[in-house]
Amino acid sequence: MQGAVGGGLYVSKASVYCNEVSPPGTTKAIASCNDANDLLVAGGCVDATNSPSGSTGYFLAENRPRNVAGGGPVDWLCAWEKPAGAPTVDLQAAGAKATICCIAVP
């Protein structure tokens, strides 16, 4: 059966938005939905864009959503770790990012 016309929480493509966050001088970045009622669509982590090889040499230790069951806005955690003996890299300058895409719920 068809539901009511114009009803529901997601009624327009304009309701979808994405947020990006770079690690602020640390090895973690957390991108969040704007509101606790907003719905998670997707998220992920980018290692680096400014490095010639496309990688910082660090490895992605965590790449996951958090707070999906409630208790605050959903966020996406990206955490990188440095292999033993690897040089220290400024992940923010290298282009590392956490991204989350959400649906704004009125």
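**Entry 1: the sheet.** I started with the open sheet, which has 3 strands in the order β2-β5-β4, paired antiparallel. I kept in mind that this is a predicted model. Then I asked myself: which strands stand at the edges? They are β2 and β4 (59-66); each has a single partner strand, so one side of each is left without a neighbour in the sheet.

**Entry 2: β2 and β5.** Next I checked how β2 is joined to β5 (residues 75-81): I found 5 bridges, with the two strands running antiparallel. Ile30 sits opposite Leu77 of β5.

**Entry 3: Ala36.** I moved on to the loop between β2 and β3, where I found Ala36. Is Ala36 buried, exposed or partly exposed? Its relative accessible area is 46%, so I wrote down "partly exposed". Leaving aside neighbours within four places in sequence, Ala36 touches Gly72 and Pro73. I also noted that the C-alpha atoms of Ala36 and Val74 are 6.7 Å apart, though 38 residues separate the two along the chain.

**Entry 4: Asp38.** Asp38 is in the loop between β2 (28-32) and β3 (39-46). I looked for a salt bridge and got none: Asp38 is buried, and the nearest side chain of opposite charge, Arg66, is 16 Å away. So what does the side chain of Asp38 make a polar contact with? I found the side chain of Tyr17, at 2.6 Å. A polar atom of the Asp38 side chain also lies 3.0 Å from the backbone nitrogen of Val105. Beyond neighbours within four places in sequence, the contacts of Asp38 include Cys33, Cys102, Ile103 and Ala104.

Methods:
Residues numbered from 1 in each chain as written. Predicted model: local features only at pLDDT ≥ 70, side-chain atom pairs only at ≥ 80, totals over all residues. Heavy atoms only, no water. Helix = DSSP H or I, 4+ residues; strand = E, 2+ residues; numbered from the N terminus. Buried < 20%, exposed > 50% of the residue type's maximum accessible area, 1.4 Å probe, protein only. Lys, Arg positive; Asp, Glu negative; His and termini not counted. Salt bridge = Lys/Arg side-chain N within 4 Å of Asp/Glu carboxyl O. Polar contact = N/O pair within 3.5 Å; in protein donor to acceptor, adjacent residues only side chain to side chain. Contact = heavy atoms within 4.5 Å. Pairing = 2+ DSSP bridges.
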